[in-house]
Amino acid sequence: MSIMQYLTSQEIKKLEFKANEIRQSIIEMLTEAGSGHTAGPLGMADVFTLLYFGILKHDPKNPDWEERDRLILSNGHICPVLYATLAHAGYFPVEELLTLRKFGSRLQGHPHRQSLPGLETSSGPLGSGLSQAIGMALAERISNPYSAKFMYCLTGDGELQEGQIWEAAFLAGKEKLNNLIMIVDRNGIQIDGYTKDVMPMEPLAEKFESFNFDVQEVDGHNIRALNDAIGKAQAVYGQPSVIIAHTIASKGVDVFERDFRWHGNPPGKGPEDRVTKDKQAEVALEKLRTLAGTINTHDA
Amino acid sequence: MFAQHLQPNLSPESVEKSPTRNGYGDGLLEAGKRDEHVVAICCDLTGSTRTDKFADEFPNRFVQGGVAEQNLASVGSGMAALGKVPFIASYAMFSPGRNWEQIRTTIAYNDANVKIVGAHAGVSVGPDGATHQAIEDIAIMRALPNMIVIAPADEHEARKATLAAAKHVGPVYFRLGRSATPVVTTPDSPFEIGKAVRMFSRDESLERKVGIVSTGSLLFNTLMAAEELQKNGVGASVLHIATIKPLDEEQLLAFAQEHDAIVTVEEHQVTGGLGGAVAEFLSGVYPTKISRVGVQDQFGQSGDPDELVEHYGMGIDSIVAAGRRVLE
């Protein structure tokens with residue numbers, strides 16, 4: 001898609017439906033797996049949907065296409081949203097999502113690049129994705145200074161506590177990598193609690209600015225705002241970009257939302273104060289189907 | 001008898017000395033000229049690791065990464081993902097010492113075509129002391145699937161290892177030394193990844209036979225020790241294993257079968273390095289007595305390189321003693 005593509009209301013609604021489908025797949029695959037992460041994947045479904053269905057140059061039928069943009073998932077534990085998006089985009093059958101985390105599956109608990117088409121790297125141990133995206137951005141600049149390829153690096157917010165992130169930020173700023181766009185999932189939670197309690201990281205935007213990044217903050221569930229932010233990031237010259245996407249953990253299933261205890265639990269094994277374990281999967285799917293029904297009635 | 005392809009008249013008095021890092025510097029420049037995909041990243045040690053020759057010739061293919069070794073490994077992985085052949089250079093203590101997990105996940109698990117250059121390996125780093133003397137690097141790298149591990153003997157072998165690494169598709173680790181060490185091989189000596197080379201053959205008239213397996217720059221001490229053993233009536237041969245992983249199992253098995261016992265020699269902890277690899281392999285297929293020369297579960301310290309090699313039991317006399325002991 002070209003720079004600063006305008007999205008019509010109809011297009012936005014289509015993307016919202018797609019994100020809703022992806023969220024339903026996430027619930028189904030996590031429930032079947034019996035383990036895995038719920039909050040991050042649900043929270044990032046809008047960002048992934050917009051990227052794969054509206055932004056990225058890619059070809060699901062030719063995953064190794066040289067001219068594709070690269071999407072590097074740094075916080076590998078949110079891979080259910082990546083797998084679900086890749087399947088819905090046509091990289092592999094949607095039914096295969098139900099093999100997540102099972103023996104012999106291509107859908108490893110954390111991504112393994114060589115196992116599944118569409119993956120650009122293996123990840124799980126936090127903090128390494130930005131460095132890899134920088135390596136790709138540097139390699140592309142050496143090979144083709146006029147390249148229109150973008151390297152998108154998706155990270156969590158708790159992940160920013162890793163020192164390697166800031167080693168990488170130094171280099172990205174120094175090298176003025178305008179083909180690098182980082183998107184931070186700012187959902188405010190991590191395993192042990194809320195990021196503000198575990199390790200406060202504000203002022204975050206100023207931190208990135210001081211490393212010479214172009215910084216934008218955006219509502220991570222507003223497709224139009226996200227699309228505009230990515231368009232602006234693509235147009236930045238002489239600086240890497242970071243988009244701090246403010247998201248709601250477990251977005252779309254209100255009874256799971258904003259609760260850090262959903263970070264690493266699947267439906268059926270999450271906290272029970274708002275819905276009992278035996279009902280969690282069923283309630284989540286019901287909530288999502290209800291939400292899908294409202295997409296056509298609200299303004300996009 | 002010394003192998004034909006070695007330098008003539010090898011002796012402690014006459015041998016020429018040069019650091020293995022020089023061979024890497026020359027090899028990298030040559031690899032860069034041969035293949036435009038070769039790139040280099042260094043962490044503020046460009047001169048010391050000898051990456052500077054490449055950086056001066058190809059400034060647009062060189063990245064100065066600053067003091068950041070975790071980033072170094074993963075940037076290398078990213079560049080390899082887009083078709084580059086990155087050489088990532090630092091001191092072995094920091095890469096792979098500090099960034100082992102990044103190497104494991106982003107290079108080895110991805111089977112990324114990255115060449116990891118660990119300079120200043122061994123106690124022969126000298127006066128900098130134990131913090132800068134990597135003597136565990138072979139062990140931690142050998143444990144990684146997909147990883148090739150090489151310890152070149154001298155400047156010429158380091159150059160050949162660099163060129164071979166550039167050609168090989170997949171992750172490679174090789175270690176280099178800081179101090180000037182004996183130049184034993186010649187530009188014509190054979191080198192191939194995964195192939196051991198016979199460097200000294202025993203006098204077959206002697207009844208007792210010890211096979212000495214060396215890696216890295218202790219090859220010279222090993223050769224001198226073999227000559228000394230033979231002068232004193234013990235048949236001794238030397239098999240040089242530059243590639244510790246994959247191990248040349250065929251040659252190693254034949255070598256063990258020809259001798260009464262084995263000595264391994266490395267400038268590394270005796271656990272997990274060459275001695276470990278040889279013992280693991282032979283115990284399964286041809287159990288034999290093995291004596292491991294190397295650092296005995298200790299840290300190094302400041303001192304002159306030769307002094308430290310002696311002190312930690314890797315000098316010529318120590319290898320001779322190990323050869324006698326293992327035959328008892």
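What follows is a conversation about a predicted model with a chain A and a chain B.

User: Let's begin where the chains meet. How many residues of chain A are in contact with chain B?

Analyst: On the chain A side there are 24 residues, and they are in contact with 26 residues of chain B. In chain A, the helices α5 (129-143) and α6 (163-174) each supply at least two residues of the side that touches chain B, and α5(A) gives the most to that side, with 10 residues.

User: And by class, what is that side of chain A made of?

Analyst: The side of chain A that touches chain B has 10 nonpolar, 10 polar and four charged residues.

User: How does α5(A) pack with α3 of chain B?

Analyst: The helix α5(A) packs with α3 (residues 69-81) of chain B at an angle of about 45 degrees, and their axes are 6 Å apart. That angle makes α5(A) oblique to α3(B), and the crossing of the two helices is right-handed.

User: Which residues make the contact there?

Analyst: From α5(A) the contributors include A:Ser131, A:Ala133, A:Gly135 and A:Leu138, while those from α3(B) include B:Asn71, B:Val75, B:Gly78 and B:Ala81. Divided by class, the residues of this contact are eight nonpolar, eight polar and no charged.

User: Staying in chain A, what is the strand order of the open sheet of five strands?

Analyst: The order in that open sheet of chain A is β1-β2-β3-β7-β6, and the pairing is parallel. At the edges stand β1 (70-73) and β6 (214-219) of chain A, each with a single partner strand, so one side of each is left without a neighbour in the sheet. From one strand to the next, the twist averages 20 degrees.

User: How many bridges pair β3 with β7 of chain A?

Analyst: Strand β3 (residues 180-186) and strand β7 (residues 241-246) of chain A pair in the parallel sense over six bridges, and A:Ile181 has A:Ser241 as its bridge partner in β7(A).

User: Now α1 and α4 of chain A: at what angle do their axes cross?

Analyst: The axes of α1 (residues 9-33) and α4 (residues 79-89) of chain A come within 9 Å and cross at roughly 120 degrees. The helices α1(A) and α4(A) are therefore oblique to each other, and α1(A) passes α4(A) in a right-handed crossing. Among the residues making the contact are A:Ile22, A:Ile26 and A:Leu30 of α1(A) and A:Val81, A:Ala84 and A:His88 of α4(A). Seven nonpolar, three polar and two charged residues make up this contact.

User: Over to chain B. What domains is it divided into?

Analyst: Chain B is divided into domain 1 (17-182) and domain 2 (197-327), and the C-alpha centres of these two domains of chain B lie 26 Å apart. In chain B, 29 residues of domain 1 are in contact with 30 residues of domain 2. The elements giving two or more residues to the domain 1 side of that contact are α5 (137-142), β6 (148-150), α6 (155-167) and β8 (181-182) of chain B.

User: And the five-strand open sheet in chain B, what is its order?

Analyst: That sheet of chain B has the order β9-β11-β10-β13-β14, with mixed pairing, and its edge strands are β9 (197-200) and β14 (289-295) of chain B. Strands β10 (residues 209-214) and β13 (residues 261-269) of chain B run parallel and are joined by five bridges, and the bridge partner of B:Gly211 in β13(B) is B:Ile262. Helix α8 (residues 249-258) of chain B lies across β10, β11 (235-240) and β13 of chain B, running at about 155 degrees to β10(B).

Conventions:
Residues are numbered from 1 along each chain as its sequence is written. Chains are lettered from A and ligands numbered from 1 in the order in which they are written. This is a predicted model: local features need pLDDT of at least 70, side-chain atom pairs count only at pLDDT 80 or more; totals for chains, interfaces and linings use all residues. Two residues are in contact if their C-beta atoms, placed from the backbone, lie within 7 Å. Helices (H or I, at least four residues) and strands (E, at least two) are DSSP runs, numbered from the N terminus. Ala, Val, Leu, Ile, Met, Phe, Trp, Tyr, Cys and Pro count as nonpolar, Asp, Glu, Lys and Arg as charged, and the others, Gly among them, as polar. Domain bounds come from an automatic or database domain assignment. Axes are lines fitted to C-alpha atoms, for helices over the stretch in contact, and angles run from 0 to 180 degrees between N-to-C directions. Angles under 35 degrees count as roughly parallel, over 145 as roughly antiparallel, 65 to 115 as roughly perpendicular and the rest as oblique. A crossing is left-handed if the near helix is turned anticlockwise from the far one by less than a right angle, and right-handed if clockwise. Two strands pair if DSSP finds at least two bridges between them.
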